[in-house]
Amino acid sequence: EDPAHIEAHKNRAQAKAEQMEREARAGVPTPNLSTREFLEDFAATRTADPDTARRTGNIASRFLSILGDLDRGPLTVVSPSHVLRYRDTRATEIEASTVNSELSALNMAFEKAVNQGFLLMNPVDLGNIQLPESSSVRPLEIWEIKALLLATSRVDWRTCIYVGFYFGPQLVDAAYRLWSDLVQDEAGHSYLSFSRTERKAAGKIRVPA
């Protein structure tokens with residue numbers, strides 16, 4: 001009856017109608033957990049790597065905030081429009097490559113729901129919603145490397161800078177090197193090894209004698 005609430009009620013009714021239509025067309029079993037519970041469980045069990053688990057948990061939390069009160073409903077409440085809203089919101093905050101990485105994580109979550117029979121279709125259409133990526137990254141000049149080395153006397157940071165300068169890995173890969181990452185081949189050549197992750201294959205880089 002209050003005109004100020006008409007639009008809000010209209011949006012809620014439309015969302016409910018779309019949910020009922022998707023459920024009717026899908027004919028899939030309703031899981032005994034809410035969308036929030038499903039995504040939080042996915043984040044907690046996706047990987048044993050604590051950094052990846054933390055990032056996945058943050059992605060799930062941000063996506064659930066897009067859903068609002070619908071997060072307590074079944075997975076069928078999630079529509080492609082929610083994913084697009086998430087993408088557009090994050091695009092104003094972070095680089096396109098990071099947005100696409102987060103969309104990939106959501107895609108994995110909902111693909112799992114499809115495989116388990118809780119959804120007929122994955123609401124994340126990576127082929128059509130990923131953002132075009134561009135890079136503004138440039139190599140550091142020698143004087144900038146020297147400036148970084150002069151700025152710190154901590155061995156950990158200096159080692160990280162040297163590893164980055166000679167081998168060119170990302171910061172997270174340069175920062176978490178262990179002595180056990182130094183390996184030798186049959187000819188006695190030394191290599192710095194990098195473990196496989198969900199996004200990158202394992203590799204090794206020759207260490208000059």
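Are phenylalanine 63 and phenylalanine 110 buried or exposed? Both of them are buried, where buried means under 20% relative accessible area, exposed means over 50%, and partly exposed lies in between, with a 1.4 Å probe and protein chains only.

Before I go on, please keep in mind that this is a predicted model, in which local features need pLDDT of at least 70 and side-chain atom pairs count only at pLDDT 80 or more, while totals for chains, interfaces and linings use all residues. Residues are numbered from 1 along each chain as its sequence is written, and side-chain values use heavy atoms, with hydrogens and water left out.

Phenylalanine 63 and phenylalanine 110 form an aromatic pair, edge-to-face, at 5.8 Å centre to centre and 65 degrees between the planes; rings of Phe, Tyr and Trp (its six-membered ring) pair if their centres lie within 6.5 Å, and planes under 30 degrees apart count as stacked, over 60 as edge-to-face and the rest as tilted. Together with Tyr86, these two residues form one aromatic cluster.

Turning to the core, the largest nonpolar core has 25 residues, and Phe63 and Phe110 are among those that touch the most other members; such a core is a set of buried Ala, Val, Leu, Ile, Met, Phe, Trp, Tyr and Cys residues joined through side-chain atoms within 4.5 Å. A second, separate core of 5 residues includes Cys160 and Leu192.

Finally, phenylalanine 165 and tyrosine 166 also form an edge-to-face pair, with 5.1 Å centre to centre and 80 degrees between the planes. Here phenylalanine 165 is partly exposed, at a relative accessible area of 38%, and tyrosine 166 is exposed, at 58%.
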